[in-house]
Amino acid sequence: MPRGLIHSEKDDVCVATTDIKKGEEVLCAYLENNSAHVIVKSMDDIPLGHKIALRDIKQGEKLLKYGRPIGMATANISKGQHVHVHNLKSMRWGK
Amino acid sequence: MMTIKGYLRENGAVGVRNHVLVLPLDDLSNAAAIGVSKLVNGVVSVPHPYGRLQFGRDLDLFFHILSGTGANPNVAGVIIIGIEDNWANKVADGIAKTGKPVEVFPIEGYGDLKTIERASRKAKEIVQYASEKQRTEVDISSIVMSVKCGESDTTSGLASNPSVGVVVDKMVDLGAVAMFGETSELTGAEDIVADKMANQELREKFLKIYKEYVDVIEREGVDLLGSQPTQGNIKGGLTTIEEKALGNIQKLGHRKVNCVLDYLDPLIREKGGTLCFVNTSSAAAEAVTLFAAKGSVLHLFTTGQGNIVGHPLIPVVKITGNPKTAKFMSEHIDVDVSDLLDLKISLEEAGERVFNYMVKVMNGRLTAAEVLHHEEFSPIKLYISA
């Protein structure tokens, strides 16, 4: 059973659909293609609904969800890390 | 063709509830209106803080919302109570066009107690008139509905919103009207919404409305970071307004938007189904109040972290995709689609679940918000008062 979902194949993040503990291996399924999935090892505790990075992302890089940029990394983010307000910000507001 | 059992009103509009409304015209008239609702069984009052010294477009919007609320097809008849009768008569004239009974009771020259007595005698008559109205078989295409999300989280974009999108597609295909709004919460996806417009004219009108909203924010010199997304949204995993907007628009389904309404525009139905953008606030009660004033008789409300809003006159169906919210706030949730997160059901099945529940509510089943007295009535105000 997947414990995370990914909206689009281009996406940089997986959304946790259960609470995930640091160090757990998480199976993330793609919504666009149910038979495809990736497994990512979580580097943080990730609460249900929060995002896990699927790749290393450099500070200043745009991050994709729904196949669209949802914000810009404010710090380097490693694969498996929690992506949230501490390391991602809007490109519209909070400039 | 598909039918439901609704209330056919004098002007041909169809309601799914049969309320008698006592409408206070202004803040000063709330006490008398509540007085009538305590004396007479079967009337609903909608206290609110406005109706004094408003002006310009704000005043026009106030009249639009009050007249539209009384004209809503879920309302069988209306009593209006106002400190002065000139503005109250203007609202009454708007409601009277629907053909339903409406009468105004001014407080000046009478005082509250005499007004409550006079209004209660008339309210009693209207309640008895309304009690004879029966549900009849009507085509579902006569329904006007609306959608909005609140206390959203990432499960809204994954599960509850796309489920509602399936319902919106189905209702539009059946020839009904579905309305959506939340102007501020389209930020980051406004180009996608613009691309969904059926023609260039609607596209320009939508972008003009959206730009006006952005201009207000900039003129006020504020940054909405911290309030959009809200703290509840952030707790639920949403990080930026762009992410929230992309989740939000999953509710819109896949049909072209063939109607764009600014605050004061009346609803015009398109043949073959109508999908309508309405310029609204993103605050739950304000948006639902405006949708109801535009004629929505039923609202689908998706929530992630657990928004509990209702409306005095239209059923608000709560849908969640968050298994924790479904469990810990179960008394507020009408439809749980959280099993979509485990991929145990398909999106089509989830949409079917929401649709079937909505039909039950149209036929008379009460929503959680109705049973729990969630009767939020919140007219939008644009300016400071004169």
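Buried means under 20% relative accessible area, exposed means over 50%, and partly exposed lies in between (1.4 Å probe, protein chains only). At 16% relative accessibility, B:Ile234 therefore counts as buried.

This is a predicted model: local features need pLDDT of at least 70, side-chain atom pairs count only at pLDDT 80 or more, and totals for chains, interfaces and linings use all residues. Residues are numbered from 1 along each chain as its sequence is written, chains are lettered from A and ligands numbered from 1 in the order in which they are written, and side-chain values use heavy atoms, with hydrogens and water left out.

Helices (H or I, at least four residues) and strands (E, at least two) are DSSP runs, numbered from the N terminus. Two strands pair if DSSP finds at least two bridges between them. Contact means heavy atoms within 4.5 Å. Axes are lines fitted to C-alpha atoms, for helices over the stretch in contact, and angles run from 0 to 180 degrees between N-to-C directions.

**The sheet in chain A**

- Strands of a sheet pair through backbone hydrogen bonds, either parallel or antiparallel.
- In chain A, 3 strands form an open sheet in the order 6-7-9, and the pairing is antiparallel.
- Its edge strands are strand 6 (62–65) and strand 9 (88–89) of chain A, each of which pairs on one side only.
- Strand 6 of chain A is joined by 4 bridges to strand 7 (residues 68–73) of chain A.
- A:Leu63 has A:Gly71 as its bridge partner in strand 7 of chain A.
- A:Lys62 has A:Met72 as its bridge partner in that strand.

**Where chain B meets chain A**

- Strand 6 and strand 7 of chain A are touched by helix 9 (residues 241–248) of chain B, which packs on the sheet.
- The direction of helix 9 of chain B makes about 160 degrees with that of strand 7 of chain A.
- Helix 9 of chain B is mostly covered, with 8 of its 8 residues buried. Among them are B:Ile241, B:Lys244 and B:Asn248.
- B:Ile234 sits in helix 8 (residues 231–235) of chain B. Leaving aside neighbours within four places in sequence, B:Ile234 is in contact with A:His50, A:His84, A:Val85 and B:Pro229.
- B:Gln228 lies in the loop between helix 7 and helix 8 of chain B. B:Gln228 is buried because its relative accessible area is 8%.
- Beyond neighbours within four places in sequence, the contacts of B:Gln228 include A:Trp93, B:Ile241 and B:Lys244.

**The sheet in chain B**

- Here 7 strands form an open sheet in the order 10-11-9-8-12-13-14, with parallel pairing.
- Strand 10 (259–261) and strand 14 of chain B each have a single partner strand, so one side of each is left without a neighbour in the sheet.
- Strand 10 of chain B is joined by 3 bridges to strand 11 (residues 274–278) of chain B.
- B:Cys259 stands opposite B:Cys276 in strand 11 of chain B.
- Helix 7 (residues 200–219) of chain B packs on the sheet and touches strand 10 and strand 11 of chain B. Its direction makes about 30 degrees with that of strand 10 of chain B.
- Helix 12 (residues 347–362) of chain B also packs on the sheet, touching strand 8 (144–150), strand 12 (298–303), strand 13 (316–320) and strand 14 of chain B.

**Loops and the end segment of chain B**

- B:His332 lies in the loop between helix 11 (323–328) and strand 14 (335–336) of chain B. B:His332 counts as buried because its relative accessibility is 12%.
- B:Glu151 has a positive phi near 50 degrees. B:Glu151 is partly exposed, with a relative accessible area of 30%.
- B:His373 lies in the segment after helix 13 of chain B. B:His373 has a positive phi near 60 degrees, and counts as exposed at 61% relative accessibility.
- B:Tyr383 is also in the segment after helix 13 (368–371) of chain B. B:Tyr383 is partly exposed, with a relative accessible area of 32%.
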